[in-house]
Amino acid sequence: MYFSKKRIQLLGYWQHLNVAKVWNLFRLYVSFQISRLIQKPWIWGVPATLSIEPTTSCNLRCPECPSGLRSFTRPTGMIDLSLFEKIIQENHKHLHYLHVYFQGEPFLHPYFTKLIEIAQAYQVYTATSTNAHYLTEANVDKTLNSGLRQLIVSVDGITQEIYQNYRIRGKLQKVEEGIRRLMQTRNNQKLRYPYVILQFLVTGVNEHQIPALLEWSKGLGIDELQLKSTQIYNFENGSPLIPTQQAYSRYVADGQGKWKLKHEPENKCWRMWQGAVITWDGRVVPCCFDKDAKHVFGTVQEESLESIWNNSLYHAFRTQLLADRSQIDICSNCTE
């Protein structure tokens, strides 16, 4: 059954591919490997993937998230439909994947499903992430009609006590009801999409629930379950959120009372060759680890993404990454 569902997801992806997109992705991969070999950045191609931020707003208060902590120093807000369509119109020919998400809860954008419809009209594969508190009957219908291909639902506990430990102010019952509503409506209408992934951030607080999680998720009828390690700020001093099971942890004790990354990052990063992140107000930043947009390479209101992709700021960032990525602040807690 799992492989049957996985084929449906892959089919939805393949349907949005064409020769130009595959050729562009190939060129980016070749240029990435050559850059690693010569230790100098060389770019052959344009962004193949994008994450575009609908909004910075969120209903929850998750402790390791700047949206939840309300700790942004950058401007907050919601993307304009016109800006979103401009980005898609200028880049759709080479985009093979679009994540309509960065920070915040996307369903808080009043025209979120309209964003999906715009991308779908340009034949771009779309995905998003949600905490599932807004899967109302109306939103479910809009989502199913939008053409969204993949929906990632974040659920980090299967009892209210454990769930709210990380998803502060969250209501697990509301989440369950929303997921069931989506799955039942999709199945009743004999639709294949969106392909629904339940994502479980494993922490030291919820890891004991993993054995029961599989049956719990099956009961919801979701298509796939993913166990994901949790990024923790200030991990050096330890945290109750660090799992005891090493398979689910990004960090290990250093034997001297401190913690460190389990795997030392190498001076490379495929993300910096294959795609970019765009904030709600059009700022282009390197990746999803730059949550506060400290490294802005340009804005898509003022110039094309392709121009920004090849400018001196992007080049300098890639150069530093290949030389010594430990000198880049957002790379210090990255397992890429």
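Residues are numbered from 1 along each chain as its sequence is written. Because the model is predicted, local features were required to have pLDDT of at least 70 and side-chain atom pairs pLDDT 80 or more, whereas totals for chains, interfaces and linings use all residues, and side-chain values rest on heavy atoms, with hydrogens and water left out.

Helices (H or I, at least four residues) and strands (E, at least two) were taken as DSSP runs and numbered from the N terminus. Nine strands form an open sheet with mixed pairing, in the order E6-E5-E4-E3-E2-E1-E9-E10-E11, where two strands are said to pair if DSSP finds at least two bridges between them. The edges of this sheet are formed by E6 and by strand E11 (298–299), each of which pairs on one side only. Strands E1 and E9 (residues 275–278) run parallel and are joined by four bridges; Leu50 has Ala276 in E9 as its bridge partner.

The structure holds 13 aromatic pairs, a pair being counted if the ring centres of Phe, Tyr or Trp (for Trp, the six-membered ring) lie within 6.5 Å, with planes under 30 degrees apart classed as stacked, over 60 as edge-to-face and the rest as tilted. One of these pairs, between Trp23 and Trp44, is edge-to-face, with 5.6 Å centre to centre and 85 degrees between the planes. This pair links distant parts of the chain, since Trp23 belongs to helix H2 (residues 19–38) and Trp44 to the loop between H2 and strand E1 (49–52), 21 residues apart. Relative accessible area was divided into buried (under 20%), exposed (over 50%) and partly exposed (in between), using a 1.4 Å probe and protein chains only. Trp23 counts as partly exposed because its relative accessibility is 44%, and Trp44 likewise counts as partly exposed, at 29%. Another edge-to-face pair is formed by Trp309 and Tyr314, at 5.2 Å centre to centre and 70 degrees between the planes; both Trp309 and Tyr314 are buried, each with a value of 0%. Ring pairs also link Trp23, Phe26, Trp42 and Trp44 into a cluster.

Charged side chains are also found over aromatic rings, the criterion being that NZ of Lys or CZ of Arg lies within 6 Å of the ring centre and within 35 degrees of the ring normal. Arg74 lies over the face of Phe72, at 4.6 Å from the ring centre, while the charged end of Lys174 sits over the ring of Tyr134, 6.0 Å from its centre.

Ten salt bridges are present in the structure, each defined by a side-chain nitrogen of Lys or Arg within 4 Å of a carboxyl oxygen of Asp or Glu. Lys6 is partly exposed, at 21%, whereas Glu224 is buried, at 7%. In the salt bridge of Arg167 with Asp156 the closest N and O atoms are 2.5 Å apart, and both Arg167, at 11%, and Asp156, at 2%, count as buried. Arg180 and Glu176 form a salt bridge with closest N and O atoms 3.8 Å apart; because these residues are four apart in helix H8, about one helical turn separates them.
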